[in-house]
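Hi,

Here is the structure I promised to pass on.

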Amino acid sequence: MYRTRAALALAALLATALLPIPAAAADLNDDGGGTSAQDPTAQDPTAQHPASPDAAAQDSPTQDSPVQASPAPASTTLASSTLVLVNGAHPLEPLDFEPARLADAGSGHRMVPEAAEAMHRLLAAAADAGHFLRVESAYRSYAQQVALYDRYTRQYGAAYAARISARPGTSEHQTGWAADVGLASGECSLLACFGDTEAGRWVAAHAAEFGFIVRYPDGLEQVTGYRYEPWHLRFLGTEAAQEMAALGDATLEDYVERLGRRAEAAARPRYVVRPAPEHPPWYTATFPGWALGLPG
Ligand SMILES: [Zn+2]
């Protein structure tokens, strides 16, 4: 009797151990990023994590902001997505993309409403900490970028213009997700020395709390294509910005690569051991215990 039961159990295990299950049921996080990792294919990253204090604040009906939960899907290629990657190698699609909505982000400069609202909160928090900042530039249309790029090219030549400004259609400013901030005094405006000011250091340390990153860090021109720009902030949403900081991804290029690996892992089938089902009598006859070398 023992022999039969053992044979049954082992045979059933062998027969059912390798049944694939849908990837959605498996753990999709391949990189040890912790429980805050998000599925890049999700429609609304804030909706997935309603427990996050910031998401709760954004969704609060008592807040007098016109911005509700983000409708933008977390795609890295869709220009209207908070996670879109735009650089010299990844132009906007279409090249003359325009955001559907824009709102004042400060000093008359506009951003996508979600980012504009976050910028107002960042500026207010900076002021509370004694740092008086202003928005120096934010949304720029394709036509404005053409004019700016032409001007820099005439002033400095094509090679230098390409290092300090984006070719039309490759600027984050055109997405409405980016802004340049500076001291209200005008000191170190759009200069690397902004990063050494108290306010610049505060921005670098606190940007992620408001969903921003310093998009072009010092010494990573090879990755981003841009020299150090401590003033250029890019809105990703708090979840992505804070995850980048937590995981040590210095650039959006690194983070987007990580999201790609994560999506790839999610698409792979996973295998699990399922409980052994009941077997009909013929099964025992076909796979007797002695054939498997089990003890009698
Ligand atoms: Zn900028």
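**A helix across a sheet**

β4 and β5 (residues 178–183) pair in the antiparallel sense over four bridges; strands here are DSSP runs (E, at least two residues), as are helices (H or I, at least four), numbered from the N terminus, and two strands count as paired if DSSP finds at least two bridges between them. Within that pairing, V135 has V181 of β5 as its bridge partner.

Before the rest, a word on the source: this is a predicted model, where local features need pLDDT of at least 70 and side-chain atom pairs count only at pLDDT 80 or more, while totals for chains, interfaces and linings use all residues. Residues are numbered from 1 along each chain as its sequence is written.

The pair belongs to an open, antiparallel sheet of four strands, ordered β4-β5-β7-β6. β4 (133–137) and β6 (212–216) are at the edges with a single partner strand each, so one side of each has no neighbour in the sheet. From one strand to the next, the twist averages 45°. At the other end of the order, β6 and β7 run antiparallel and are joined by four bridges, with V214 bridged to L233 in β7.

Now the helix. α4 lies across β4, β5, β6 and β7 (229–235), at about 145° to β4; axes are lines fitted to C-alpha atoms, for helices over the stretch in contact, with angles from 0 to 180 degrees between N-to-C directions. The 16 residues of α4 (113–128) should span 22 Å at 1.5 Å a residue, and the end C-alpha atoms are 23 Å apart, which agrees; the expected span is 1.5 Å times one less than the number of residues. Just after α4, G130 has a positive phi of about 90°.

What is buried? Five of the five residues of β6 are, and in α4 the buried residues include A115, M119 and L122. Buried means 20 or more other C-beta atoms within 10 Å of a residue's own (exposed is 12 or fewer, partly exposed in between), with C-beta atoms placed from the backbone.

Leaving aside neighbours within four places in sequence, A105 is in contact (C-beta atoms, placed from the backbone, within 7 Å) with residues including M119, V135 and A179.

Cheers

Definitions and conventions:
Contact = placed C-beta atoms within 7 Å.
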